[in-house]
Amino acid sequence: MLSFQTNHQEFVPSEELQRNIKCFWYDKIECKKEQSGFEVVPDGYAEIIFYFGSELSISYQDSLKVLPSPFIMGLLNQPAVFNSIDSFEIIGIRCYPWTIFDMLELSAAKGKNGVQVFAHPIAELQSALCDLIRLHKIEEAIAKVEDYFLKMQSQSSEDSLLFKAGTAMTAGEEICP
């Protein structure tokens, strides 16, 4: 693995979204001019990842697979190895794993662990987000993503058993040090 630098920032979602989204985040990753690899370790969350700039690839079966933007980073059972050249920027939506498929209206049966490519109307944000990132308007890009999820908020089911179990786990997480 080659070294790289990051510029990580996290943003707290509005109260209406906090039952589904842990945080929004931004990162600018500066890699070297040649192919650079870096690991993402399991953290217990599922994420929707938009990226801008250089292509982002994942190491898969001894080769590199270019990822579209956005993609889903599901639950990991081992580190995922990504590769890029030069630099790229990321807008991430860190979700509780029991909410991501309801939020996107995707079948949970399709939801596998690890990195997933998916087709969804949220991908239409890519161009607008890219323009904002290019202008260094990070907070506006985050606000655009947050607005998208606020509009979708009513479609997530609080009555599902999975949501109730996840809520109970989160409540327990906050009590323990």
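In which helix is methionine 152 found? Methionine 152 lies in helix α3 of a predicted model.

**Chain overview**
- Of the 177 residues in the protein chain, 45% are buried.
- Among contacts with a separation of 6 or more, 74% are between residues 24 or more positions apart.

**Helices α2 and α3**
- Helix α2 spans residues 125-134 and helix α3 spans residues 138-152; their axes come within 8 Å and cross at roughly 160 degrees.
- Because angles over 145 degrees count as roughly antiparallel, α2 and α3 are roughly antiparallel to each other.
- The crossing in which α2 passes α3 is right-handed.
- From α2, Leu125, Ala128, Leu129, Leu132 and Ile133 take part in the contact, meeting Ile138, Glu140, Ala141, Lys144, Val145 and Tyr148 of α3.
- The residues of this contact comprise nine nonpolar and two charged, with no polar ones.

**Methionine 152**
- Methionine 152 has a relative accessible area of 10% and is therefore buried, the cut-off being under 20%.
- Leaving aside residues up to four places away in sequence, methionine 152 touches Met103, Leu104 and His120.
- Leucine 104 is 48 residues from methionine 152 along the chain, and their C-alpha atoms are separated by 8.2 Å.

How values were computed
Residues are numbered from 1 along each chain as its sequence is written. This is a predicted model: local features need pLDDT of at least 70, side-chain atom pairs count only at pLDDT 80 or more; totals for chains, interfaces and linings use all residues. Side-chain values use heavy atoms; hydrogens and water are left out. Axes are lines fitted to C-alpha atoms, for helices over the stretch in contact, and angles run from 0 to 180 degrees between N-to-C directions. Helices (H or I, at least four residues) and strands (E, at least two) are DSSP runs, numbered from the N terminus. Angles under 35 degrees count as roughly parallel, over 145 as roughly antiparallel, 65 to 115 as roughly perpendicular and the rest as oblique. A crossing is left-handed if the near helix is turned anticlockwise from the far one by less than a right angle, and right-handed if clockwise. Contact means heavy atoms within 4.5 Å. Ala, Val, Leu, Ile, Met, Phe, Trp, Tyr, Cys and Pro count as nonpolar, Asp, Glu, Lys and Arg as charged, and the others, Gly among them, as polar. Buried means under 20% relative accessible area, exposed over 50%, partly exposed in between (1.4 Å probe, protein chains only).
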